Amino acid sequence: VMLVLCGHQFVGDSPVLRWSNVLWTDVAPYRTDIDSGQVPHQNSQVTDLFNVVIDAMHANDLQAAEAAFRQCIKIDPDFPPVLNNLAATLLLGKDKKAHEEAEQILQDMFERFPDYPFSRISLAQLAIVDGRIDEAQELIAPLASRSRWHVSEAMAHGTVILELALARKDFPAAEAQLEMMRQLNADDPRVEQLHRRIQIQKNPLALLGDSFQQLIGRLRIPRK
C-alpha cells in the first residue's frame, strides 16, 4: 500500500508516521529513484580485488576477504565502500580487537564521508545492538530526504528501519517495512532472514519449534 501511495505522490520522501502498538512509528517509503546498476571502480585492480572478496565470502574465508579489502585501501584509501565492507567483515568475526577496529573505521568514515549512507546505517546498527535506540534514530533521520538510492542502499536502510521497529517491539511496523523491502528486491537473502527474525521475536518458541520437530523425528517410540 505504501508504495502505491508513494507512486501517486500522496506522501513525500520523508518517513511516514503510522499508528501501531500504541505508538506513532516511522515507515520509510521510497518515492525516489532506485538504481540497480553497478558502478565499477576507476581502478581495475580494485574491481579485481572485489571479485576476490566475493569468492572468499562464498567460501566463508573471512581472512582472505579482509586481506583483499586492505589491499583495496592501499590502492584507494578514499573509497567508502571498501572501508565499510572491511568494517563489516571485521564485525563478522569474534575477535574483540577486530570489533574495536571496525567501530573506529565506521566512526572515521562517518566523519570523512557524512553523505555516504552506509556510514550512518552501519553506526545506527551498532547503536541498536548496544540498546542506544534514540541515537540510532538520530543517525538515520537525515537519510529520509535522499532523492536517489542504489537498491543496495535502500535495502540496508530498510533493514535498519526494521531493526529499530523490532527494538521497539513494533511488529506491525517491522512487517510493513519488510513488505516494502520484498517489493524492492524479493531475492535479497535479508528478506527471508528478517522475516525469520520477526517471527522469532513475536514468538520466541518458534526458534525451538524446528529443533523440537527434528528431535521428535529422531525418537523411536516403541509400539505396544
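This is a predicted model: local features need pLDDT of at least 70, side-chain atom pairs count only at pLDDT 80 or more; totals for chains, interfaces and linings use all residues.
Me: What does Leu126 touch, not counting residues up to four places away in sequence?
Reply: With contact meaning heavy atoms within 4.5 Å, Leu126 touches Leu91, Glu103, Leu106 and Arg132. Leu106 and Leu126 are 20 residues apart in sequence, and their C-alpha atoms are 9.9 Å apart in space.

Me: Why are H5 and H6 described as oblique to each other?
Reply: Helix H5 (residues 96-112) and helix H6 (residues 117-129) pack at an angle of about 140 degrees with their axes 9 Å apart, the axes being lines fitted to C-alpha atoms over the stretch in contact and the angles running from 0 to 180 degrees between N-to-C directions. Angles under 35 degrees count as roughly parallel, over 145 as roughly antiparallel, 65 to 115 as roughly perpendicular and the rest as oblique, and H5 and H6 are therefore oblique.

Me: Which residues of H5 and H6 meet?
Reply: Glu103, Leu106, Gln107, Met109 and Phe110 in H5 meet Phe118, Ser119, Arg120, Ser122, Leu123 and Leu126 in H6. The residues of this contact divide into 6 nonpolar, 3 polar and 2 charged, where Ala, Val, Leu, Ile, Met, Phe, Trp, Tyr, Cys and Pro count as nonpolar, Asp, Glu, Lys and Arg as charged, and the others, Gly among them, as polar.

Me: What makes H7 and H8 roughly antiparallel?
Reply: The axes of helix H7 (residues 133-140) and H8 come within 11 Å and cross at roughly 155 degrees, and H7 and H8 are therefore roughly antiparallel to each other. The contact is made by Ile133, Ala136, Gln137 and Ile140 of H7 together with Val160, Ile161, Leu164 and Ala167 of H8, and its residues divide into 7 nonpolar, 1 polar and no charged.

Me: How do you know that H8 and H10 are roughly parallel?
Reply: The axes of H8 and helix H10 (residues 189-202) come within 12 Å and cross at roughly 5 degrees, and therefore H8 and H10 are roughly parallel to each other. The residues of the contact of H8 with H10 divide into 7 nonpolar, 3 polar and 3 charged.

Me: Why are Asn60 and Lys169 called exposed?
Reply: Asn60 has a relative accessible area of 63% and is therefore exposed, and Lys169, with a relative accessible area of 54%, is likewise exposed. Asn60 sits in the loop between helix H2 (44-58) and helix H3 (62-75), whereas Lys169 is found in the loop between helix H8 (151-167) and helix H9 (171-184). Phi of Asn60 is near 60 degrees, a positive value in a residue other than glycine.

Technical notes: Residues are numbered from 1 along each chain as its sequence is written. Side-chain values use heavy atoms; hydrogens and water are left out. Helices (H or I, at least four residues) and strands (E, at least two) are DSSP runs, numbered from the N terminus. Buried means under 20% relative accessible area, exposed over 50%, partly exposed in between (1.4 Å probe, protein chains only).
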